[in-house]
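User: I'm new to this one and would like a slow walk through it. Could you start with the terms before the details?

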Amino acid sequence: MTEEQSYDVVVVGGGIAGLVAANRLGQLGRRAVVLEQGSEELYPCNTRYTGGTLHVCMRNVMSDESSHRQAIIDATAGFVTDNLASLIARECQRVVRWLQDEGLGFIKSDGELHHGWVLAPPVTTQPGLDWKGRGGDVLLRTLESHLVKRGGVLVRNTRGRSLIMEQHECRGVVAQQGEREARCRARAVVLAGGGFQANAALVKQYISERPERLKQRSAGTGRGDCLQMASAVGARIVGTHCFYGHLLSRDAMTNDKLWPHPYMDNLATAGIVVGPTGERFVDEGRGGVYMANIIAKLPDPLSTAVIFDQAIWDGPGRTRIVPINPFLPRVGGTLLVAEDLSALAGKLGMESGRLVETVSSYNTAIAAGALSTLNPPRRTSHYQARPITTAPFYAAPACAGITDTMGGIAINEYAQALSEDGSAIRGLYVAGAATGGLEGGPEIGYVGGLVKGGVTGLAAAEHIARHFFPN
Ligand SMILES: Cc1cc2nc3c(=O)[nH]c(=O)nc-3n(C[C@H](O)[C@H](O)[C@H](O)COP(=O)(O)OP(=O)(O)OC[C@H]3O[C@@H](n4cnc5c(N)ncnc54)[C@H](O)[C@@H]3O)c2cc1C
């Protein structure tokens, strides 16, 4: 059975991006329907699971606009175009204020534990998933209730499947509600269904030959529907080769206490990461998001280990809000310990000579200030490289945790979807993790999912209101 309904605007996806867009439309006097595939009252999504830090390139969101803009361009090696970098830089603080005006609270800190503005209440300091009653959950509940007061509605158990196009304009969405098909007509559509991290076929196409050997560090709801719907009507897809994620204990594949926290980035950026032969294969100085991406692209993403010593375990290992020391062994993650590197290689099932040689060359390069001569070279601009010299020595088998894909549907600064020829597709907008071109690039630059969702949600709503409903 097919049912047809009309709204001012249809939004696909009830995460931060979709609910910011729908509420802003409500403030501007427009009635939006949010189609949400989840059927539970507290349907899972990345926004509900979020750590809640609003940041730009891991910097305080309240830093000045021009430094944000430059940080985005630098982090992504120019992949993010000037107009999109300027959009994020200009509007990121407005997102914080807009959320505050909606009654949402933040905790503020300039310290290492919370780098900036974190949705309140923050997640706990315990390992494993913790979302109920936390910042992301509160944000979604609050924005849904405000939407209803503004005349909008969020319809659960409704999965957007295709776009209604008339004379090259997007005029609605065909959705699936159980066995039923619903046609939701509108003047404009906002695609806000998240990334494609939970679609194994798309992950295989764009990111990793072995999607089953990556850990979903996500709610598992980002199935790439929006990317596929937009692609089917000629939208340009960009920047799909990388994702935001972290380096996790390999045991996170089967142990839910080991994701989304604690993660092992701090150990890896202080020590080294080796493949199955005991050799380095990645510049650890580029950080955990970069390393997770490189590991995902290995022939076997479950073949690496982080190598470090007692000083690193007791130093960087104890930092972060859910520190890997002591939680990794405490919740059942593998931590191999040996008095010398040969014995450690034995515990990893590696030939010992190669690992000993790798660590020795790395230590020599640190002492000589010659880390750039290593293969691969090691940067020190963001993370200090520490020698691995203090027994006992440690190895922690690793895996790549994938949280949100960075690429998706190309947009302009009004969040309009772009077609292959670069022109805007009339009536079609994209917000949040479904967008492409706002992060990633050759350096796999991470900009920030919450800020991205808020900024593009506001931009889409305001452009729709101006152009489709002028007073
Ligand atoms: C553990 C964790 C920690 C994080 N920490 C941070 C952090 O501290 N700071 C930060 O900036 N980012 C963080 N992120 C990332 C950030 O939370 C996300 O980037 C952001 O919430 C994405 O918002 P979104 O609205 O685009 O997508 P989502 O929140 O994923 O929402 C998309 C919604 O669309 C629905 N949907 C999908 N397809 C369809 C369809 N076809 N029809 C209808 N509905 C559909 C989904 O069910 C979902 O509810 C974290 C993420 C996780 C998982």
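Analyst: Helices (H or I, at least four residues) and strands (E, at least two) are DSSP runs, numbered from the N terminus. The model is a predicted one, in which local features need pLDDT of at least 70, side-chain atom pairs count only at pLDDT 80 or more, and totals for chains, interfaces and linings use all residues. Residues are numbered from 1 along each chain as its sequence is written.

User: Okay, where does Cys-242 lie?

Analyst: Cys-242 sits in the loop that joins strand E14 (237-238) to strand E15 (243-249).

User: And is Cys-242 buried or exposed?

Analyst: A residue counts as buried if 20 or more other C-beta atoms lie within 10 Å of its own, as exposed if 12 or fewer do, and as partly exposed in between, with C-beta atoms placed from the backbone. Cys-242 has 28 other C-beta atoms within 10 Å, so Cys-242 is buried.

User: Which residues does Cys-242 touch?

Analyst: Taking contact to mean that the C-beta atoms of two residues, placed from the backbone, lie within 7 Å, and not counting residues up to four places away in sequence, Cys-242 touches Asn-293, Met-406, Gly-407, Gly-440 and Ile-444.

User: Which residues of H13 are buried, and on what side?

Analyst: Leu-355, Thr-358, Val-359 and Tyr-362 are the buried residues of H13. They cover an arc of only 90 degrees around the axis, which puts them on the same side of H13; that arc is taken from the directions from the helix axis to the C-beta atoms. On the other side of H13, Gly-353, Ser-360, Thr-364, Ala-367 and Ala-368 are exposed.

User: What do the buried residues of H13 pack against?

Analyst: Their packing partners are strand E16 (272-274), strand E17 (304-309) and helix H12 (341-348). Just after H13 comes Gly-369, with a positive phi of about 65 degrees.

User: How do H4 and H14 cross?

Analyst: The axes of helix H4 (residues 82-101) and helix H14 (residues 449-468) come within 8 Å and cross at roughly 95 degrees. Here axes are lines fitted to C-alpha atoms, for helices over the stretch in contact, and angles run from 0 to 180 degrees between N-to-C directions. H4 and H14 are therefore roughly perpendicular to each other, given that angles under 35 degrees count as roughly parallel, over 145 as roughly antiparallel, 65 to 115 as roughly perpendicular and the rest as oblique.

User: Which residues of H4 meet H14?

Analyst: From H4 come Leu-87, Ile-88, Glu-91, Cys-92, Val-95 and Trp-98, and they meet Val-451, Lys-452, Gly-454, Val-455, Leu-458 and Ala-459 in H14.

User: Last topic, what about the backbone, where are the peptide bonds cis?

Analyst: The bond from His-261 to Pro-262 is cis, with omega near 5 degrees, and the bond from Asn-375 to Pro-376 is cis as well, with omega near -5 degrees. Pro-262 is in the loop between E15 and helix H8 (265-270), while Pro-376 is in the loop between H13 and strand E19 (393-405).
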